Amino acid sequence: MFAIKLFGLLMAALFYVVITGFWFAYGVPPMFEVGSVPTLLVAAIGTFIWLTATGCIAIHIIKKVRPA
């Protein structure tokens with residue numbers, strides 16, 4: 001059972017890193033190059049969602065590791 005949990009954790013971490021890389025490498029720069037208000041709003045909202053997801057993941061890991 002330990003190998004399955006480790007595999008799931010590593011796959012989730014890989015998924016998070018890949019999505020983060022795509023967002024900051026391919027999603028955000030074109031939005032800032034255009035510079036119109038709607039594209040800047042999409043960039044801000046997407047970054048806010050990414051920050052929220054990162055915070056939730058960090059809180060989940062801390063609560064999981066810390067003994068109750």
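I began with Phe-24, which is partly exposed at a relative accessible area of 35%; I count a residue as buried under 20% relative accessible area, exposed over 50% and partly exposed in between, with a 1.4 Å probe and protein chains only.

I note that this is a predicted model, in which local features need pLDDT of at least 70 and side-chain atom pairs count only at pLDDT 80 or more, while totals for chains, interfaces and linings use all residues. Residues are numbered from 1 along each chain as its sequence is written, and side-chain values use heavy atoms, with hydrogens and water left out.

**Overall form**

I looked up the secondary structure and found two helices and zero strands, where helices (H or I, at least four residues) and strands (E, at least two) are DSSP runs numbered from the N terminus. The radius of gyration is 16 Å, well over the 11 Å that the globule rule gives for 68 residues, so the protein is more spread out than a compact globule; the radius is taken over C-alpha atoms, and the rule is 2.2 Å times the number of residues to the power 0.38. Along its principal axes the C-alpha trace spans about 50 × 25 × 10 Å, and 10% of the 68 residues count as buried.

**Helix α1**

I followed α1 through residues 2–34, and its 33 residues reach 48 Å from first C-alpha to last, close to the 48 Å expected, the expected span being 1.5 Å times one less than the number of residues. A kink of about 35° is centred on Trp-23, the bend being the angle between axes fitted to the seven residues ending there and the seven starting there. Trp-23 is also buried, as are Thr-20, Gly-27, Val-28 and Met-31, and what covers the buried residues of α1 includes α2 (37–65). After α1 comes Gly-35, with a positive phi near 80°.

**Aromatic pairs**

I found two aromatic pairs, for which ring centres of Phe, Tyr and Trp (its six-membered ring) must lie within 6.5 Å, with planes under 30 degrees apart counted as stacked, over 60 as edge-to-face and the rest as tilted. The rings of Phe-22 and Tyr-26 have centres 5.7 Å apart and planes at 35°, so this pair is tilted. Both residues lie in α1, four residues apart, about one turn of the helix; Phe-22 is partly exposed at 47%, whereas Tyr-26 is exposed at 61%.

Phe-24 and Trp-50 form an edge-to-face pair, 4.9 Å centre to centre with 85° between the planes. Phe-24 lies in α1 and Trp-50 in α2, so the pair ties together parts 26 residues apart in sequence. I noted Trp-50 as partly exposed, at 22% relative accessibility.

Note on methods: Contact means heavy atoms within 4.5 Å.
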